[in-house]
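Here is a short briefing to read alongside the structure. It goes through the fold, the cores, the interface and the salt bridges in turn.

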Amino acid sequence: MNIFVTGGSGFVGQNIIPQLIQNGHTIYALARSQKSARKVDKLGAIPVLDDLVSLSENTEEALSYCDVVVHSAAYMGFTYDKKNFYDINVKATESLLSLSKKNKVRKFIYISAAPVIAGSPIINAKEIDASFELPKALYPKTKAIAERKVLAENSKSFTTISLRPPAIWGNNNHHYEEIFARAVEGKWKWLGKGDQILSTIHIKNLGNAIMAALTSQKGGEAYFVTDGERRPMKDFFTAVLRSQGIEPGNESISLPFASFIANTVDIVWRTFGLKSKPPVAPIMIRLMGREFSVDDSKARTELGYKNAISIKEGIAELYENTLSK
Amino acid sequence: MQLHIDISNDILKEFGDQLGAQIDQNKFVIPNKLGSGIAEKISFNGDIEFVSMKFTLNQHIQTQSENPENSPYFLLNINLSEQSVDKTVNGEPIEIQRNQPSGMLFYKPGAKVSSRSPIAVPFNIALIKFPKKMLQQYLRTEEELQNIMSIISSSSLIYEDLDLDSENYLTETLLPTTNTFQKHANLLNFLGLFIKKLSSREALDHSENINPNDLKSLFMIAGQLRDPLIKSIPTIENLAAVSAMSLTKFKNAFKQVFGTSPYQYHLKAKMQYAYRELAQKSQNVSEISYELGYSHPSKFTSAFKKYHNILPSKIRR
């Protein structure tokens, strides 16, 4: 099949594109710059030079060849830069949806995020349990708005599916480099006791979930997809950090204190519309300070999603990757 | 399915028509029943035809290509995929792949080439057709022209390898951009390098005193080292072990074929990458330094200064 992928030079895209190509598909990958174009070209995709926030005839043309869209590009961060969140996560998704329909794409797979469900702690949540409330932080809020728009477009001729991965991990995930850098400097602190349960998904498992969504007949539904097993946050991050040769230690800050700081920071950053990254944001407390676990049995039964790799195997890969460096 | 391609004709049209595809604005999409992918003709001024094909097939396709005796064109076939393609050229077998001594295959008039494409394998092929008379126009002396014409006529099977520079030029030609002048310049640079290689018969030079299997391993390794962002650089002992040669033999053979050590070969890839990123203002010094795996930007800066004889900060201006 011909598949159009957004976010091709990001962590998800870099891993998904080779897997899709290995499965016999031809990939058209959106690239904003020459550099991203080179990156996706190297993976074997056909670069489509365009900007997500102002899609041009380049994208239209590529979409006219494609049967499926995998939309994984998003603006992510803990900043309060409202415009970027709305332009990239909401508006761009809307225009990609309408261009896809116009060009007779048959399936639209949206890479959403588990935190699109509101509330905290989140304990073993199922899709059906989720309240209709929108989360407060800009990232999950804009992802949630976009997800609803995607699912609302589902029809017989245009199937839409949303996958909701929690924390994504795996080799060469640049999102973790900042965390590693803090830990190396000895600045790592656990939030609370660190025994809060955390759902995660290894990038290879997310790859499997996308493959499952690709072949499934389902439409108009959102699915949590995870590693299946879940671990206390401290166990998981200790294993990840140790694989990088970093010993996180036992220092912690109490949750009420961290929440107080985060809320204060939140008010200050919001009030002044600061675009820099705050030292700690309420969403971090919500995702890492309290339990955040979701149940993916719907994806397993309805989509036929299966793990590609266990957490243990994923950690072993992290070790191998570090050793070869 | 069997295709017969006369490369002195419009190549894109030959392929498109025979595959039953709809050609639209110098492009066609591989029909669904055959697989997925696209073929595109990139137009330049002058009589050069550049066709790029990226596809995966779900059935075997047997292709017979011919450059007729009286053709006014030469053709270069470059396989940029990881998968090698087995071809026979006027009866002689040859494997074409970017990390092989034979990365580019040259079709002179009279060449008959056949190949069978495997299924479910992603392909990335570039075809460059250029007029024979270009050599007369672009080579400075009668002597150079005579030399190259005699090389071309003396062998029925002509190939050269893709090295760092030619691969970079070709990749840049293939990438989408709004600046077609730049694309054309890259294509001409690429052709210029090929002609230079051909006039010194580098491919034959390489193979002197080196056994074909060793040569294959050397090129495979060089292909990996051409990636500036390679995640882990093996030690020279590892490289020798991978190529099943003794350390001394490996070092000497690498130097003979590529004119430099594996370390320098990789360094060149990194430094060229850094230069381009800086010149295009895609990244700043510390980002590049980090991306290339330097432990500190100052280390990158001194390596860059040593290689290019200019500070990276001066390039960005």
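Helices, as used here, are DSSP runs of H or I with at least four residues, numbered from the N terminus. With that in hand, H1(B) is followed by Gly20(B), which has a positive phi, near 75 degrees. Please keep in mind that this is a predicted model.

**Helix H1 of chain B**
- At the start of H1(B), Asp10(B) brings a side-chain oxygen to within 3.2 Å of the backbone nitrogen of Leu12(B).
- Helix H1 of chain B spans residues 11–19, and its buried residues are Ile11(B), Leu12(B), Glu14(B), Phe15(B), Gly16(B) and Leu19(B).

**Chain A and the cores**
- Chain A contains 12 helices and 15 strands, and 53% of its 325 residues are buried.
- Of the chain A contacts between residues at least 6 apart in sequence, 79% join residues at least 24 apart.
- The largest nonpolar core has 32 residues, among which Ile27(A) and Leu163(A) touch the most other members.
- Elements of chain A that give two or more residues to this core include strand S1 (2–6), helix H1 (11–22), strand S2 (26–31) and helix H7 (203–215).
- H7(A) provides the largest share of this core, 8 residues.
- Beyond its neighbours within four places in sequence, Ile27(A) is in contact with Ile3(A), Val5(A), Ile17(A), Leu20(A), Ile21(A), Ala45(A) and Ile46(A).
- A second, separate core has 31 residues, including Ile11(B), Val85(B), Val89(B) and Leu127(B).

**Where chain B meets chain A**
- Chain B and chain A each put 25 residues into the contact.
- Together they bury about 2,200 Å², with 49% of it on carbon and sulfur atoms.
- On the chain B side, Lys54(B), Leu175(B) and Pro176(B) lose the most area to chain A, together 24% of what that side buries.
- There are 7 salt bridges between the two chains, and 12 residue pairs are in polar contact across the interface.
- Among the chain B elements that each supply at least two residues to this side are strand S3 (35–43), strand S4 (49–57), helix H4 (164–174) and helix H10 (262–279).
- By residue type, the side of chain B that touches chain A divides into 8 nonpolar, 9 polar and 8 charged residues.
- Glu172(B) pairs with Arg38(A) in a salt bridge, their closest N and O atoms being 2.8 Å apart.
- Both of these residues belong to a salt-bridge network that also links Lys35(A), Arg276(B), Glu277(B) and Glu291(B).

**Salt bridges within chain B**
- Over all chains, the structure holds 33 salt bridges.
- Lys216(B) and Glu95(B) form a salt bridge at 3.1 Å, N to O.
- Lys216(B) lies in helix H7 and Glu95(B) in strand S8 of chain B, so this pair ties together parts 121 residues apart in sequence.
- Lys216(B) is partly exposed at 32% relative accessible area, and Glu95(B) is partly exposed at 26%.
- Asp163(B) forms a salt bridge with Lys197(B), with 3.1 Å between the closest N and O atoms.
- Asp163(B) sits in the loop between strand S12 and H4 of chain B, while Lys197(B) is in helix H5, 34 residues apart.
- Lys197(B) counts as buried, with 2% relative accessibility.
- Arg226(B) and Glu167(B) meet in a salt bridge at 2.6 Å, N to O, and both residues are buried.

Terms used: Residues numbered from 1 in each chain as written. Chains lettered and ligands numbered in written order. Predicted model: local features only at pLDDT ≥ 70, side-chain atom pairs only at ≥ 80, totals over all residues. Heavy atoms only, no water. Core = buried A, V, L, I, M, F, W, Y, C linked by side-chain atoms within 4.5 Å. Buried < 20%, exposed > 50% of the residue type's maximum accessible area, 1.4 Å probe, protein only. Contact = heavy atoms within 4.5 Å. Buried area = accessible area lost by both parts, 1.4 Å probe. Salt bridge = Lys/Arg side-chain N within 4 Å of Asp/Glu carboxyl O. Polar contact = N/O pair within 3.5 Å; in protein donor to acceptor, adjacent residues only side chain to side chain. Nonpolar A, V, L, I, M, F, W, Y, C, P; charged D, E, K, R; others polar.
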